[in-house]
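Colleague: Before we discuss this model, could you take me through the terms you use for it and tell me what stands behind each one?

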Number of protein chains: 4
Amino acid sequence: MYIQLDFESETPIYEQLKNEIIIGIAKKQLVPGERLPSVRSLASDIGINLHTVNKAYQQLKQEGFLLIHRQRGVVVHPDGAPKADEHYEQKLKTTLRPLIADSYCRELSKEQFRRLVKSIYSELEEGKKDE
Amino acid sequence: MYIQLDFESETPIYEQLKNEIIIGIAKKQLVPGERLPSVRSLASDIGINLHTVNKAYQQLKQEGFLLIHRQRGVVVHPDGAPKADEHYEQKLKTTLRPLIADSYCRELSKEQFRRLVKSIYSELEEGKKDE
Amino acid sequence: MYIQLDFESETPIYEQLKNEIIIGIAKKQLVPGERLPSVRSLASDIGINLHTVNKAYQQLKQEGFLLIHRQRGVVVHPDGAPKADEHYEQKLKTTLRPLIADSYCRELSKEQFRRLVKSIYSELEEGKKDE
Amino acid sequence: MYIQLDFESETPIYEQLKNEIIIGIAKKQLVPGERLPSVRSLASDIGINLHTVNKAYQQLKQEGFLLIHRQRGVVVHPDGAPKADEHYEQKLKTTLRPLIADSYCRELSKEQFRRLVKSIYSELEEGKKDE
DNA sequence: GTGGTCTAGACCACA
DNA sequence: GTGGTCTAGACCACG
């Protein structure tokens with residue numbers, strides 16, 4: 001699994017890292033129960049700070065994506081991530097609204113938006129092969 | 001036009017304000033050429049600092065949504081926002097990917113996602129009435 | 001003589017107006033001794049504030065481009081503008097330096113810059129015809 | 001690299017600072033990838049407010065001269081500034097026109113102007129030595 | 001009265 | 001220690 005970070009991005013590195021891991025899980029490149037590199041080794045692999053990796057891991061644990069065992073280290077949560085509920089949908093909607101409003105102002109058509117979303121789903125579902 | 005801000009949110013106030021304005025433009029509650037409140041009056045209306053409003057205005061000007069007219073003050077750009085191009089779509093895709101991956105992990109179905117997007121488009125298109 | 005103002009420009013209107021008049025003089029569309037419209041009429045023609053026109057006229061008088069008679073009104077200075085001296089050249093250089101540095105960083109070649117300057121001189125010298 | 005500001009000037013401090021940095025880049029006293037002082041240290045060095053420095057940095061980032069790197073701080077953009085295009089040339093011409101018209105009225109000869117421009121190019125190209 | 005500039009000082013997120 | 005955000009208050013240029 002490749003982890004691509006952009007050090008010039010507005011998005012904090014730990015956020016980017018979280019995203020990459022979540023995408024990895026969505027693509028099934030990381031499967032439930034699978035072990036992730038240790039904080040230390042991942043940090044040195046990517047060339048970032050220990051604390052940064054740790055922050056990403058901790059938050060993903062908090063959100064139910066990862067489990068952190070004392071012995072077995074960090075693993076993808078065997079039961080999968082918590083399921084989307086009403087509250088989750090509302091939050092997602094609040095995030096999506098400004099993005100869609102912006103694209104709407106720029107005259108990106110509904111159809112174009114739909115295609116864009118579809119292409120992302122394809123990426124995720126075809127993802128296993130890219131590993 | 002109502003502007004609702006969440007002062008507890010992680011999202012900076014000026015970002016929320018930018019979003020509200022963009023949504024207002026998308027809903028056609030703010031029309032091209034229309035004048036926006038002065039930084040001072042809007043700031044005191046919302047109960048925030050004028051510099052915060054100014055930052056939002058400046059960035060929206062920079063992005064092509066607003067114009068600073070020497071006689072009419074701050075106005076919605078008469079020509080509308082810059083049109084979406086290939087680069088814009090790529091940026092949007094990069095923003096959307098982690099959101100979709102996350103919802104995918106949480107087993108939010110494609111159909112549910114589609115409905116969510118559709119409901120946002122409805123909001124925007126019906127928006128004029130809410131004014 | 002056409003006066004084109006951009007109300008969205010960073011440049012103050014009175015500055016733009018001054019520039020237009022100076023360009024008019026350079027192009028000999030305005031000749032020494034020629035009378036300019038009154039503050040009042042020019043202001044209403046262009047659709048700007050009296051004070052704005054007045055400010056432009058006053059500064060041009062200060063700089064030696066115009067004469068303001070009580071009876072004859074505002075006229076182009078019969079003796080022409082004050083000649084460039086060493087101090088003037090230094091000031092010009094200070095203004096030009098950042099412009100050239102900027103274009104230099106953007107890899108605009110010396111030759112391109114030279115052509116650009118030349119095209120402006122041509123405009124000025126051919127200007128009489130455009131009147 | 002020396003930064004000389006004139007606190008009495010009409011030109012805003014942040015503008016002067018931007019100009020100094022651009023000149024520094026043109027002179028290759030600041031090279032692509034090189035790190036700039038932090039807003040705080042530069043501000044205290046020059047004796048101005050950190051927000052003023054920040055404004056200059058932000059605008060230069062926006063214009064493509066600088067990059068904010070999460071690890072290395074503020075750096076000169078590794079790819080150099082964006083290249084001059086047709087639009088840039090037009091903008092430059094608009095800026096140059098009044099300057100040239102003014103000097104033309106004051107009977108500064110084309111040749112004198114040419115020499116002045118040339119001397120600025122020399123400054124820039126010899127600049128490395130002045131460091 | 002409008003936006004633009006500048007200062008000062010505080011708190012926070014990030015790495 | 002870095003930049004990012006927010007507040008507060010002052011002065012000025014512009015129209």
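Modeller: Between chain B and chain A about 4,500 Å² is buried, and carbon and sulfur atoms give 70% of that area; buried area here is the accessible area, taken with a 1.4 Å probe, that two parts lose on being put together, summed over both. Tyr104(B), Arg106(B) and Tyr121(B) supply 17% of what chain B buries against chain A, more than any other three residues. This is a predicted model, in which local features need pLDDT of at least 70, side-chain atom pairs count only at pLDDT 80 or more, and totals for chains, interfaces and linings use all residues, while side-chain values use heavy atoms, with hydrogens and water left out. Residues are numbered from 1 along each chain as its sequence is written, and chains are lettered from A and ligands numbered from 1 in the order in which they are written.

Colleague: How many residues does the contact take from chain B and from chain A?

Modeller: The contact takes 42 residues from chain B and 42 residues from chain A, where contact means heavy atoms within 4.5 Å.

Colleague: What makes the pair Arg97(B) and Glu123(A) a salt bridge?

Modeller: A salt bridge requires a side-chain nitrogen of Lys or Arg within 4 Å of a carboxyl oxygen of Asp or Glu. The closest N and O atoms of Arg97(B) and Glu123(A) are 2.7 Å apart, so the pair meets that criterion. The count between chain B and chain A is 8 salt bridges, whereas between domain 1 of chain A and domain 2 of chain A the count is 0.

Colleague: Where do the bounds of domain 1 and domain 2 of chain A lie?

Modeller: Domain 1 of chain A is 13-76 and domain 2 is 86-130, with bounds that come from an automatic or database domain assignment. Their contact takes 5 residues from domain 1 of chain A and 5 residues from domain 2 of chain A, and the area buried between them is about 420 Å², of which carbon and sulfur atoms give 57%.

Colleague: Why are chain D and chain C described as related by a two-fold rotation axis?

Modeller: A rotation of 180° with 0.1 Å of shift along its axis superposes chain D on chain C with an RMSD of 0.3 Å, the superposition being by least squares on the C-alpha atoms of residues with pLDDT of at least 70 in both. The two copies are therefore related as by a two-fold rotation axis. Moreover, 100% of the interface residues of chain D are also interface residues in chain C, so the copies meet through the same surface.
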